[in-house]
Amino acid sequence: RHEDLCVTDVMTPLSMLDAIDYRLLKGARVSNLIATLRKHGRNHLLVIESACGQIPERVRGVISRAQIERQLGSVVEVPEFAHSFAEMARIVAETA
C-alpha cells in the first residue's frame with residue numbers, strides 16, 4: 001500500500017539513471033532520441049547541463065517515451081533490457 005512505502009522504495013537507483021548533456025542534445029532530432037532510448041532499453045532519459053563557470057551541474061529536464069508518443073501520435077517501441085538480476089527476474093515474471 002502507498003501508505004507503507006517510502007520515497008526510497010520507488011526511486012530509480014542512481015546506477016540505473018542514464019543522462020545526456022543538454023549541449024550534446026539540443027541539436028538532435030527526435031529520431032536520435034528514440035534511437036537512444038531503444039539502444040539503452042529505457043523509457044526515460046535524464047537531461048543534465050554541465051557545470052559552467054560559477055553555475056553548477058544541474059538537471060535540465062527529463063525526456064519520456066510517453067511524451068514523445070503523445071506528441072507524435074504514434075507508439076514508439078522500446079525493447080526492455082535487464083540491467084541487473086532483479087530486473088531480469090521482473091521482466092521474465094511479466095512475460096510469463
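Predicted model: local features only at pLDDT ≥ 70, side-chain atom pairs only at ≥ 80, totals over all residues.
Leu-25 touches Ile-20, Leu-33, Val-47 and Ile-63, leaving out residues up to four places away in sequence.

Leu-25 is part of the largest nonpolar core, which has 10 residues. Besides Leu-25, the members are Leu-33, Ile-34, Leu-37, Leu-45, Val-47, Ile-63, Ile-68, Val-76 and Val-78. Two elements, α3 (30-40) and β2 (44-49), each supply at least two residues of this core. The largest share, 3 residues, comes from α3. As a general background, nonpolar side chains in soluble globular proteins tend to be buried together.

To place these elements, consider the chain as a whole. The chain has 5 helices and 3 strands. Read from the N terminus on, the order of elements is α-β-α-α-β-β-α-α. Of the 96 residues of the chain, 21% count as buried. The accessible surface of the chain comes to about 7500 Å², and carbon and sulfur atoms account for 57% of that surface. Contacts can also be sorted by how far apart the partners lie in sequence. Among contacts between residues at least 6 apart, 52% join residues at least 24 apart.

Next comes the sheet. The 3 strands form an open sheet in the order β1-β2-β3, with mixed pairing. The edge strands are β1 (19-21) and β3 (58-64), each of which pairs on one side only. From one strand to the next, the twist averages 30°. In general, strands of a sheet pair through backbone hydrogen bonds, either parallel or antiparallel.

Which strands of this sheet run antiparallel? They are β2 and β3, joined by 6 bridges. Within this pair, Leu-45 stands opposite Ile-63 in β3, and both of these residues are members of the nonpolar core. Another bridge in the pair links Glu-49 to its partner in β3, Arg-58.

The loop between β2 and β3 contains Ala-51. Is Ala-51 buried or exposed? Ala-51 has a relative accessible area of 51%, and exposed means over 50%, so Ala-51 counts as exposed. Leaving aside its neighbours within four places in sequence, Ala-51 is in contact with Pro-56 and Glu-57.

Just after α3, Gly-41 takes a positive phi of about 65°.

Taken together, the core draws on both helix and strand, with α3 and β2 each supplying at least two of its residues.

Note on methods
Residues numbered from 1 in each chain as written. Heavy atoms only, no water. Core = buried A, V, L, I, M, F, W, Y, C linked by side-chain atoms within 4.5 Å. Buried < 20%, exposed > 50% of the residue type's maximum accessible area, 1.4 Å probe, protein only. Helix = DSSP H or I, 4+ residues; strand = E, 2+ residues; numbered from the N terminus. Contact = heavy atoms within 4.5 Å. Areas by Shrake-Rupley, 256 points an atom, 1.4 Å probe, with all protein chains shown as cover. Pairing = 2+ DSSP bridges. Axes fitted to C-alpha atoms, helices over the stretch in contact; angles between N-to-C directions.
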